[in-house]
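Please take a moment with the sequence and the model before reading on.

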Amino acid sequence: MTDLPAVAGSGRAPGGAAPVHRRGKAGPGLIRRHDLVAALDRAVQKRVTIISAPAGTGKTSLLRTWADQPGQDCRIAFMTVRPGQRDMQLFWLTMLGAVRAAAGSGDGAAQLPPVAPGSGGSAMVDKVLSELEESCDRFVLVIDDLHELSSPEAAGQLTALLTRLPPGVRAVVATRRDLPLRLHKLRLAGELAEIRAAQLRFTEHETRQFLAAAGIALPDHVAVMLHQRTEGWAAGLRLAVLSLAGQSDPERFVAEFSGSDRTVADYLMAEMLERQPPEVQRLLLRTSVLDRVNGELADLLTGATGSERILLDLEDANAFVVSLDPGRTWFRYHRMFGELLRLELRHTMPADVAGLHQLAAHWLASRGQAADAIGHLQAAGDWNEAARMLTDHALSLTLDGQAGTVAALLRAFPARTGEESADLTLVRAIADQYQLRLDQTDTHLREVRAYAATAAPARRRRLEMAVASVDLLSARLRGHFDSIVEQAGALLCLGDGQTSADAALSSDLKAIALLNLGVTEAWSLRLADSERHLVEGAALACRIGRPYLQVACLAHLGFASTGRSFAMARRRCEEAITVAARHGWDAEAVTAPALAALANALIWTGQFDVAEHWLIRARRATQAEGEPGIRLLVCLTSAILEVARGHGHRALEEFAAARQMQALMVGEHGLTVRVNAWTIATQARLGMTRQARAALAALDGRQASAGEIRNAAAVILLAEQDPAAARRELRVVLDGDVPVLSYLTQVEAHLLDAFACRDLGDERASQEAAEQALNLAEPDRLMLPFAMTGAWQLLETMPRHGTSHAALVTDILDAVCGPGRGGSAMMPVEQLSRSELRVLRYLPTNLTRREIAGELSVSLNTVDTHIRRIYAKLGATDRTAAVERGRELRLLSVGRT
Amino acid sequence: MRFHLPADDHVVMDWGPALYMIRVDGHLGAMVLYAFPGMTPQQKGAHTVLTGWLDQSALHGVLAEIEALGLVLLEVRQVESHGEITEIQ
């Protein structure tokens with residue numbers, strides 16, 4: 001027994017069906033309506049063609065006949081929207097699958113990216129468009145049953161897709177009703193074609209052709225009568241043909257039919273059914289409750305065997321039964337046909353309906369098709385069981401990208417109090433959280449906790465784990481990390497001896513729990529615990545085939561490793577990004593922690609340009625959304641990059657943005673201190689000492705005692721020309737008397753101390769302090785503190801033999817000042833003399849040479865000579881160039897010479 | 001006993017059910033009528049008129065069903081606008 005065609009999704013729940021298009025087999029009883037096909041050919045020359053016509057008018061048949069034409073020189077990606085499709089991401093994944101299958105890029109289904117819940121739809125639109133662009137062939141996207149897409153974001157995203165098709169790509173869309181797509185631009189540009197019901201009507205001629213193809217001999221006037229009675233309605237004609245086949249007196253049949261006022265579908269459907277052998281009737285009616293059917297399921301519902309044969313024959317005999325996979329194991333009915341069958345079922349066998357739904361539900365549930373199973377339970381009126389199943393599967397379904405489906409299933413429950421309503425509270429919590437209504441989520445969770453205490457043990461554990469998971473995620477979304485972590489221990493022990501379905505559920509829950517727990521711990525600086533849980537979570541997620549969770553765990557692991565060592569952080573971030581890229585998520589919000597942490601690590605080790613590249617990606621990934629914590633990290637990383645590059649004011653803007661993110665978060669965490677400390681330090685360095693002092697004063701006693709803040713206070717004192725006081729501030733940090741986040745703070749402190757010593761005139765102490773900093777920095781090859789504090793200036797004047805870290809010094813100067821400055825490679829061949837330097841420093845001003853001579857109390861001749869020699873030594877041809885070169889070589893600052 | 005609200009000329013959002021008459025082409029047989037359990041069918045000439053009390057959601061449900069069955073919709077008319085209203089003291 002083959003499983004449902006799992007074209008999209010994580011390999012468990014199939015998303016929409018992209019029926020594999022069998023070229024060359026137009027299906028039985030379909031005539032080639034040449035004129036109509038030609039009309040479609042002409043229409044497809046325009047960018048977008050919309051076929052809008054009611055049920056049963058032959059849209060799908062037209063699309064198939066058209067696509068089947070020999071000599072189609074373009075690739076055709078054919079997809080059909082599943083009935084009641086509420087989840088845009090699944091729609092896009094199905095389309096991606098169809099595009100890849102058509103492009104012939106290997107085994108299309110296996111390569112589909114798994115679902116990333118919450119992934120923005122516009123990103124998917126971009127992805128589809130870029131894949132279309134990459135394939136250089138001409139493409140036609142065919143989307144059937146587009147009216148079935150019932151998500152609020154559908155209109156916007158579809159419009160985006162259709163208006164941005166790359167050149168060489170066309171789209172054909174079939175729908176039963178006009179859709180709210182804003183395509184007026186295309187219409188104005190003459191790029192929109194429409195085919196409507198009137199064009200789809202069978203002409204008299206086509207009716208005759210159809211009858212002939214079906215082997216039904218009718219005299220001309222009778223055929224005309226049939227045509228008029230059905231008004232050229234395709235479904236009617238098809239039903240008629242099915243009823244006429246084998247009729248002893250076809251003329252009389254048509255006459256009676258014409259004489260009746262009953263609607264065509266009604267009349268002919270009844271006739272058609274009557275003519276089927278009893279086992280076929282039974283199968284058609286009893287399987288009509290299903291969206292899709294295969295032999296095994298049909299056998300179950302009919303209580304018979306051999307259903308597969310019947311289904312295959314039905315497909316061969318008429319176009320109302322369609323197979324969904326190349327192996328022809330799964331089928332679905334034409335929607336209207338199925339609808340009518342369902343009605344007939346309710347009419348003739350009303351007592352059996354609920355039972356059929358229940359059978360279907362259990363069969364589907366045992367194969368992991370939870371959403372469909374729940375729908376059937378609801379249809380059977382089995383509300384309690386439906387509620388329990390929905391509660392158990394809500395998190396997993398959300399993870400599968402079916403949040404919209406969960407919400408719809410939830411809405412379908414009647415408003416009642418009682419057991420199932422308590423059950424559904426967890427689902428309501430999950431649905432509310434998905435919509436970011438976090439306060440409602442909290443309320444619901446409290447109710448669920450109370451209810452869980454009364455449940456059976458295995459169920460209770462699962463409920464508790466689910467509650468804890470949802471709670472932790474709320475904490476992440478709020479940025480509130482303080483209080484949750486205690487529940488951790490209870491979470492993670494799960495019993496054994498469950499059914500395989502149960503175990504799958506529990507594994508999902510456990511992986512989610514590990515992820516959320518690990519992230520929360522990272523932010524509250526319980527780094528060892530965080531690492532342990534995230535590593536376990538990643539491994540579990542990999543094992544159970546939940547790549548989204550795996551990437552999330554790895555990305556946060558990279559972030560959490562920053563505290564340990566930058567080399568490890570880099571490695572882990574890169575691993576996370578590699579795994580994410582495998583699934584096409586390297587620009588998604590889920591990878592953002594790794595992108596930001598990698599940029600961070602690179603900046604700390606002095607690779608500013610590479611870091612910027614990653615930082616831009618991180619910023620893009622968190623633009624629309626994302627936890628406040630990660631967005632704060634991105635702002636903070638941007639800020640330190642700006643400081644490192646000497647752009648103090650831009651840095652302050654980024655720090656301000658970081659503080660805005662902080663304001664969205666409840667409570668503090670590891671990064672808060674750094675944001676505050678570096679803001680103050682940057683303000684002080686820019687000369688904004690008043691603001692810096694005010695910011696310092698605004699901190700409470702506990703915050704102000706942190707080592708990072710003491711460093712910032714020292715920066716203020718240095719800017720206020722009080723190096724002695726600065727040294728006193730730094731003493732407490734260097735002696736380890738105050739808490740510090742990590743040794744990075746101490747590197748900074750040593751460097752600030754070095755400045756203070758220099759300002760006090762104690763060159764030797766200054767160099768010792770700098771050497772201490774270099775000692776600490778060497779293992780990780782740290783460079784950022786040297787850039788941020790401006791200590792590279794100290795290194796410049798340091799004699800190279802006086803340090804055992806010559807290589808590091810060179811690298812630092814290279815990174816900060818640009819290549820070549822660190823070594824002597826590009827120094828001017830001759831040093832400028834003192835008098836020449838004095839003249840050089842006047843060049844950027846707008847003083848004339850005569851005025852410069854006056855300033856320096858020398859003759860004009862002397863100045864001219866100096867300038868000539870300056871130009872020669874700097875390789876400059878004019879004043880501007882000399883200034884530029886002087887600036888590059890940092891000769892213009894007034895240093896101690 | 002039905003009470004009407006005091007005469008309002010301005011449009012008020014009415015959430016309650018109203019009496020609708022929906023006309024479709026052709027006579028609906030027993031099978032298809034099963035799709036409209038809350039409605040009473042009446043054959044008028046070559047058409048069928050379905051009458052019933054529907055709130056807005058139910059109305060759209062009926063229209064969706066008509067679309068799904070490929071019936072030809074001819075007319076939708078609201079005949080009476082207010083449902084039973086209990087007297088408010």
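In this predicted model, the C-alpha centres of domain 1 of chain A and domain 3 of chain A lie 28 Å apart. These two belong to a domain assignment that divides chain A into domain 1 (34-200), domain 2 (202-275), domain 3 (276-348), domain 4 (353-454), domain 5 (668-817) and domain 6 (834-888). Where domain 1 of chain A meets domain 3 of chain A, four residues of domain 1 are in contact with four residues of domain 3. On the domain 1 side of this meeting, two of the residues are nonpolar and two are polar, while none is charged.

From the domains we can turn to one helix of chain A. Helix α17, which covers residues 353-366 of chain A, has 14 residues and reaches 20 Å from its first C-alpha to its last, close to the 20 Å expected at 1.5 Å a residue. Its buried residues are A:Leu356, A:His357, A:Ala360, A:Ala361 and A:Leu364. When one looks down the axis of α17(A), these buried residues fall within an arc of 135°, so they line one face of the helix. Just after α17(A) has ended, A:Gly368 takes a positive phi of about 75°.

Of the 89 residues of chain B, 24% count as buried. Among the contacts in chain B with a separation of 6 or more, 70% are accounted for by residues 24 or more positions apart.

Which elements of chain B give two or more residues to the side that touches chain A? In total, 15 residues of chain B are in contact with 23 residues of chain A, and the elements that give two or more residues to the chain B side are α1 (30-33) and α2 (56-68) of chain B. The largest share of that side, three residues, comes from α1(B). Sorted by class, the side of chain B that touches chain A has ten nonpolar residues, four polar residues and one charged residue.

How values were computed:
Residues numbered from 1 in each chain as written. Chains lettered and ligands numbered in written order. Predicted model: local features only at pLDDT ≥ 70, side-chain atom pairs only at ≥ 80, totals over all residues. Helix = DSSP H or I, 4+ residues; strand = E, 2+ residues; numbered from the N terminus. Expected span 1.5 Å × (residues − 1). Buried ≥ 20, exposed ≤ 12 C-beta atoms within 10 Å, placed from the backbone. Arc of directions from axis to C-beta. Contact = placed C-beta atoms within 7 Å. Nonpolar A, V, L, I, M, F, W, Y, C, P; charged D, E, K, R; others polar. Domains from an automatic or database assignment.
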